[in-house]
Amino acid sequence: MSRTALRICPLCEATCGLTLTIEDATVTGARGDREDVFSHGFICPKGAAFGPIDSDPDRLRAPLVRRDGRLQEATWEEAFDAIAAAVPALVGEYGAQAVGVVLGNPNVHTMAGALYPPLLLKALGTRNLFTASTLDQMPKHVSSGLLFGDPFAIPVPDLDHTDFLLLLGANPLESNGSLCTAPDFPGKLKALRARGGTLVVVDPRRTRTARLADRHLAPRPGSDALLLAALAHTLLAEKLAAPGTLEEHTQGLGELATALGSFTPEAVAPACDLTAAEIRTLARELAAAPTAAVYGRIGSCTVEYGTLASWLVDVLNILTGNLDRPGGALFPLSATGPAPRPGRPGKGFALGRWSSRVSGHPEAKGELPIAALAEEIEIPGDGRVRVLLAIAANPVLSAPDGDRLDRALAGLDFMVSVDPYLNETSRHAHVVLPPPPPSQSAHFDFAFNGFAVRNQARYSPAVVPLEDGRMDECEIQARLVLAVSGMHGSAAPDAIDELAIRTTLAKETADPRSRLHGQDPAVLTGLLTGRSGPERRLDLMLRLGPYGDQFAAADGAAADGAAADEAQAGGADADAGAGVRVEGEAATLGLSLERLLAHPHGIDLGPLRPRLPGVLKTRSGRIELLPDPIAAELPRMRAALADRPAALVLVGRRHLRSNNSWLHNVPALTGGSNRCTLQIHPEDADRLGLADGGRARITADGGSLEVPVEVTDTVRTGVVSLPHGWGHDRGGARLSVASATPGVNVNQLLDGTRLDPLSGTAVLNGFPVELAPLP
């Protein structure tokens, strides 16, 4: 029997709404949900391939346990028994710091990945946390933490209203956006130009996004921070800076001109391989635009000065008066985020509260560089990582020097992997716990709603019942917490959720600033709805959030609940009465799980609105424009102005039909342009004796790779490009489609020593390479 069901796509940050066609228990089709309040029917090739992804025959359907050196299918009880027998004993013998936790990118695309890792880390008591953030976005978290006091206070460009958009290191026509959740990013850029706005793209490749732009600048890779510093210098030197009302919320404006004094357009032009005139023109246009937003992503993060580049993006938004301003860059207000409270000084943000054992890398946002994971496992001594829990992570492909990490993982005392596949990393595990396909999982975007270009809330219950023998991913992770904490068999997995609920309500009712101050947590707990522990936790977060009912009524309908229905009806209108008008961030919408379930296409909560000073958590209670760690890092970048640039550097690239190492096992998404080739400019190819379709040896710090050559003028001279996420040629993995066209692992060219020092992020772009032709 055929039916349709709604589902939020979990395959990238755009979070588009899908309408799935289901035959019995199999997803046979996917199209965009035209009534979705956020995506309005947009869909990309990944979303259209939801069915084949969901039913991939290589997905594991039962746990695996290592016996006599081989991974064999086991029952869930056998799998958790093995974990409960090994992990607490090893922690007892070697201490909590003998455990490492690795969280991969897919964690932020699932409810389980948002709800349970914090509880797992607390149960383990380890500081050895490694995540995909230090391969991607950590520089932005660090710069936001230093500027605003909160590493999650990341402003996003107001795409629907801006007059001038400057994109650096971003290719949203193929990535669908990142740290800027925006379904139909391509359509929003086209609409910007159609209304007379200007799009400027800075990228060493002529990407699909660059081809759409009014102007494309192709600087030398890794020079983004220098270019941004010169833009800021020009604004200050030519007295074009106009922060306006931001000035009353900002400290350090006076010192900024001195700190950036050396970064004149003339000084940075040779390093950027742009002209001083181009830089000055861009600065003047940015200042003259009625509204403008500067947005930088992975290409400007995963470079040597990634944190400085991320900081300077917001410096430019502040100097032009466009931060926290419609048409500029605004702070989203997530439905499950903390309820806004009056702005006041906070605890601030600190780096380096502890360091890694071997190389002394400072932590950032509680994390250590994933590039240091191999040495933490290999090098003997107290605190050596002997136990590893990897959740939705494949660092053998995603982190530098996968060969070394591959060897290190083989020497662990015990490893647990939560992964639907036996991939290049999970093949080393002693226990593999496979979550079900996405159709059998509920979905709410806890993370990405905090970076969305429009405030909204949407929830998808599972659209297909769990197959026999499957276990929900939330239950898997809850049971994992019980197993590592010595409570396996003595408590039900729902006990983890109830503990989280009690802890949250105890804190909330004890807070004098909360509207629930003094109330009975047990009574409030009884008001929660939901068919499972995760749903009850979602209900709690919605009620306590900025649009929540604060337990105004047992059925979740607040007095102003009618506003929700009005918002739902007007969700497609960008401004005309759509969503709630948040006056001073005090208005509520009566949001709860029941209300969200009653609106399956989502509830529109309105456009982004100014939120300063409420978002600030710095010790001063103001934007700290020139924080000490940033000021201390500027001289190092200043010295780089005298460096002689490498003759040839490498940058990565992203395909529309791929997402890191996730989707190479889906036939519908392979082939065509989604290939692992080394792109090189015709002039460089001629100089080096390389031919299109030929092969080359590429060499860098971490070793050499043999790669197929693609000659194209879409990359500038002095630059080659190789996509990431490939290298599916290791024995023991079960990825039949991916292994047929394995490609090469670009991160094997790195040895892990090149890091942005403030964030610990691996330098994956703009590093020097050498090329030689192969027969």
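Modeller: Let us begin with β6, which is mostly covered: five of its five residues are buried. Buried means under 20% relative accessible area, exposed means over 50%, and partly exposed lies in between, with a 1.4 Å probe and protein chains only. Helices (H or I, at least four residues) and strands (E, at least two) are DSSP runs, numbered from the N terminus.

Colleague: What kind of model is it, and how are residues numbered?

Modeller: This is a predicted model, in which local features need pLDDT of at least 70 and side-chain atom pairs count only at pLDDT 80 or more, while totals for chains, interfaces and linings use all residues. Residues are numbered from 1 along each chain as its sequence is written, and side-chain values use heavy atoms, with hydrogens and water left out.

Colleague: Back to β6, then. Which residues point one way from β6, and which the other way?

Modeller: V99, V101 and L103 point one way, G100 and V102 point the other way, and all are buried. In a regular strand the side chains alternate between the two faces of the sheet.

Colleague: Which strands does β6 pair with?

Modeller: Strand β6 (residues 99-103) is joined to strand β15 (residues 387-391) by five bridges, and these strands run parallel. Three bridges join β6 to β7, and that pair runs parallel too. Two strands pair if DSSP finds at least two bridges between them.

Colleague: In what order do the strands of the whole sheet come?

Modeller: The open sheet has seven strands in the order β5-β4-β17-β16-β15-β6-β7, and the pairing is mixed. Its edge strands are β5 (70-73) and β7 (129-131), each of which pairs on one side only. Neighbouring strands of this sheet are turned by 20° against each other on average, direction ignored. Axes here are lines fitted to C-alpha atoms, for helices over the stretch in contact, and angles run from 0 to 180 degrees between N-to-C directions.

Colleague: Which helix packs on that sheet?

Modeller: Helix α5 (residues 117-124) does, touching β6, β7 and β15, and its direction makes about 170° with that of β6. Contact means heavy atoms within 4.5 Å.

Colleague: Let us change topic. What is the order of the sheet of four strands?

Modeller: That open sheet runs β11-β10-β9-β13, with parallel pairing. The edge strands, each pairing on one side only, are β11 (215-217) and β13 (293-296). From one strand to the next the twist averages 15°. Helix α10 packs on this sheet, touching β9 (164-168), β10 and β13, and its direction makes about 150° with that of β9.

Colleague: How do β10 and β11 connect?

Modeller: Three bridges join strand β10 (residues 198-202) to β11, and the two run parallel. The bridge partner of V200 in β11 is R215.

Colleague: And how do α10 and α13 cross?

Modeller: The axes of helix α10 (residues 224-237) and helix α13 (residues 276-288) come within 9 Å and cross at roughly 60°. The two helices are therefore oblique to each other: angles under 35 degrees count as roughly parallel, over 145 as roughly antiparallel, 65 to 115 as roughly perpendicular and the rest as oblique.

Colleague: Which residues meet there?

Modeller: L227, A230, L231, T234 and L235 in α10 meet I279, R280, L282, A283 and A287 in α13.

Colleague: Where do the buried residues of α12 pack?

Modeller: They pack against α10 and α13. In helix α12 (residues 265-272), the buried residues are P265, V268, A269, A271 and C272. The helix is followed by D273, whose phi is positive, near 60°.

Colleague: One more pair: at what angle do α20 and α22 pack?

Modeller: Helix α20 (residues 494-510) and helix α22 (residues 533-544) pack at about 15°, with their axes 8 Å apart. They are therefore roughly parallel to each other.
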